[in-house]
Amino acid sequence: MSSMPADTASTAGDDGIIIRARDVDVSFGEKKILEHLSLDVRRGEILGFVGPSGAGKSVLLRTILGLNAKQGGTIEVFGIDYHAASEREKLSVERRWGVLFQHGALFSSLTVRENIEVPMREYLDLSPKLREDLARLKIDLVGLAPDAADKYPSELSGGMIKRAALARALALDPEIVFLDEPTSGLDPIGAADFDQLIMTLRDTLGLSVYMVTHDLDSLFQACDRIAVLGDRKVLVEGPLSKMLDYDHPWVKSYFHGKRARTVVIPQAPSQEMPSEKSAGAA
Ligand SMILES: Nc1ncnc2c1ncn2[C@@H]1O[C@H](COP(=O)(O)OP(=O)(O)OP(=O)(O)O)[C@@H](O)[C@H]1O
Ligand SMILES: [Mg+2]
């Protein structure tokens, strides 16, 4: 039951684990970045991935996506070892994930609609009209106004760019999206709106979300589970309560530090977030 071929995709990872990394080692030359790293991402969850700057969060993401080589260990996505997969299997996996990279979210020479159509052109055989219709649906899905379709990235606010990049990540109706610092650079309300959007997508599409973030608000409010990268491996993964109890200097100072304390308090009903109107506006 567990080792089905790629095409029986919707049932693969049928134990509810959509990504299973085990004992992963990644080095650049002599420099070890990740060592014996293990991590699970479960179907339908928003996993927040945190750790100090330079710890290797983006490297792990790129390794999962097959953009970095690894020197040891295994990573299964949908039950498939992508690094060892045939070209055909790789394609089938790539059609099932979407990515919002930390840098270079959109092609600057293409409009929003054209950006969203890029993965469709690459992986799907659709008529131009259908591609365009689908792109417009994605634009609506992420809460952008219809006229954003024909704008270039330079004409958009930071928040709109993040949404447009998310729309592109959703172009192929993926089962999981990888988001590398999706709310960095947004004001707190824009970031909270973005988190709300991610939660809505999880709930309505059953989307799994792997979100690298430094944003404590996102971690506290949007993430179902959190994994912490430190000392070249995942130190701890689990719900927020586990993070708060975990005895490690960085984890303690991160989750109990001054900035964290201002975020933990909002469980009190008085501190509700403003409603989600202001995406990208003003
Ligand atoms: N292609 C590469 N070649 C050599 N070293 C690299 C390469 N990519 C990343 N590194 C190094 O790996 C380390 C981890 O980088 P990474 O970008 O994963 O950090 P990060 O945890 O994402 O940090 P941040 O929170 O600042 O984004 C850094 O020391 C970086 O210089
Ligand atoms: Mg990074």
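## Strands E9 and E10

Val 228 stands opposite Val 236 in E10. Strand E9 (residues 225-230) and E10 run antiparallel and are joined by five bridges; two strands pair if DSSP finds at least two bridges between them. Strands (E, at least two residues) and helices (H or I, at least four) are DSSP runs, numbered from the N terminus.

This is a predicted model, in which local features need pLDDT of at least 70 and side-chain atom pairs count only at pLDDT 80 or more, while totals for chains, interfaces and linings use all residues. Residues are numbered from 1 along each chain as its sequence is written, and chains are lettered from A and ligands numbered from 1 in the order in which they are written.

## The sheet

Six strands form an open sheet with mixed pairing, in the order E6-E7-E8-E3-E9-E10. Strand E6 (97-100) and strand E10 (233-238) are at the edges with a single partner strand each, so one side of each has no neighbour in the sheet. From one strand to the next, the twist averages 15°.

## Helices H3 and H5

Helix H3 (residues 112-123) packs against helix H5 (residues 158-169) at an angle of about 30°, and their axes are 8 Å apart. Axes are lines fitted to C-alpha atoms, for helices over the stretch in contact, and angles run from 0 to 180 degrees between N-to-C directions.

Val 112, Asn 115, Ile 116, Val 118 and Pro 119 in H3 meet Ala 164, Ala 167 and Arg 168 in H5 (contact: C-beta atoms, placed from the backbone, within 7 Å).

Conventions: Two residues are in contact if their C-beta atoms, placed from the backbone, lie within 7 Å.
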